[in-house]
Amino acid sequence: MIGWAAVTGGVELPSILLFLLIFLWTPPHFWALALFRNGDYTRAGVPMMPVVAGPDATKRQMLAYTLVLLPVAVAPYFLGIGGLAYLIGSSLLGAFFVLCAVRVLRATDDKPAKQMFGFSILYLFLLFALLMGEHLVSGILTTGGGA
């Protein structure tokens, strides 16, 4: 939001939406890590969600956050800051992120949490790469290929 405000001179709905995307992505990302490193957090006395609320509550919260994140992640298309490729990509990535959360919820071992943690990094990277890629291609097309 700071970068957006520095460039545009204000805080607008698209910057709030991009902030919300990261804000809602953060809990399931870190809780996935906390689930498979729970013993380390417990020994260190770090009050991560699995330590204070238990793994089952953490897994339910992870699913809730990914479900709320899904419409937020596709919203850039509807605000005109993402194109059709972004809509398709964010929908597929979001559906897979929700699937990861469901797998974590049903799991009795740490493997799905490790996979979700790894995918969450790729998820966020790909969302922003799609947005940037579309803007880059759009800029090249509208300027006739000039720099």
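Which residue forms a salt bridge with R37, and how far apart are the closest N and O atoms? I looked this up before anything else. The partner is D40, and the closest N and O atoms are 2.9 Å apart. I note here that the model is a predicted one.

Entry: overall layout. I counted seven helices and zero strands in the protein. From the N terminus on, the order of elements reads α-α-α-α-α-α-α. I took the extent of the C-alpha trace along its principal axes and got about 55 × 30 × 25 Å. The protein has 147 residues, of which 39% count as buried.

Entry: salt bridges. I found two salt bridges in the structure. Besides the R37 to D40 pair, I found that the side chains of D40 and R43 meet in a salt bridge, at 2.5 Å from N to O. D40 takes part in both pairs, and I recorded R37, D40 and R43 as linked in a network of salt bridges. D40 and R43 both belong to helix 3, which covers residues 38-44. They sit three residues apart there, about one turn of the helix.

R37 has a relative accessible area of 40%, so I list R37 as partly exposed. D40 comes out at 31%, so D40 is partly exposed too. R43 has 66%, and because exposed means over 50%, R43 is listed as exposed.

Entry: helix 2. This helix covers residues 13-36 and has 24 residues. I took the reach from its first C-alpha to its last, which is 36 Å, close to the 34 Å expected at 1.5 Å a residue. Where does a kink lie in helix 2? I located a kink of about 30 degrees at T26, shortly before the proline P27.

Entry: helix 5. Helix 5 runs over residues 55-78. I counted 24 residues in helix 5, with a reach of 36 Å from first C-alpha to last, again close to the 34 Å expected at 1.5 Å a residue. A kink of about 25 degrees lies at L69, shortly before the proline P71. P71 is itself found in helix 5.

Which residues of helix 5 are buried? I listed A57, T58, K59, M62, L63, T66, L69, V72, A73, V74, A75 and P76. After helix 5 comes G80, whose phi is positive, near 85 degrees.

Entry: packing of helices 2 and 5. Two packed helices are described by the angle between their axes and the distance between the axes. I looked up both values for this pair. Helix 2 and helix 5 pack at an angle of about 155 degrees, and their axes are 9 Å apart. Are the two helices roughly parallel or roughly antiparallel to each other? Angles over 145 degrees count as roughly antiparallel, so helix 2 and helix 5 are roughly antiparallel to each other. I recorded the crossing of helix 2 and helix 5 as left-handed.

Definitions and conventions
Residues are numbered from 1 along each chain as its sequence is written. This is a predicted model: local features need pLDDT of at least 70, side-chain atom pairs count only at pLDDT 80 or more; totals for chains, interfaces and linings use all residues. Side-chain values use heavy atoms; hydrogens and water are left out. A salt bridge is a side-chain nitrogen of Lys or Arg within 4 Å of a carboxyl oxygen of Asp or Glu. Buried means under 20% relative accessible area, exposed over 50%, partly exposed in between (1.4 Å probe, protein chains only). Helices (H or I, at least four residues) and strands (E, at least two) are DSSP runs, numbered from the N terminus. The expected span of a helix is 1.5 Å times one less than its number of residues. The bend at a residue is the angle between axes fitted to the seven residues ending there and the seven starting there. Axes are lines fitted to C-alpha atoms, for helices over the stretch in contact, and angles run from 0 to 180 degrees between N-to-C directions. Angles under 35 degrees count as roughly parallel, over 145 as roughly antiparallel, 65 to 115 as roughly perpendicular and the rest as oblique. A crossing is left-handed if the near helix is turned anticlockwise from the far one by less than a right angle, and right-handed if clockwise.
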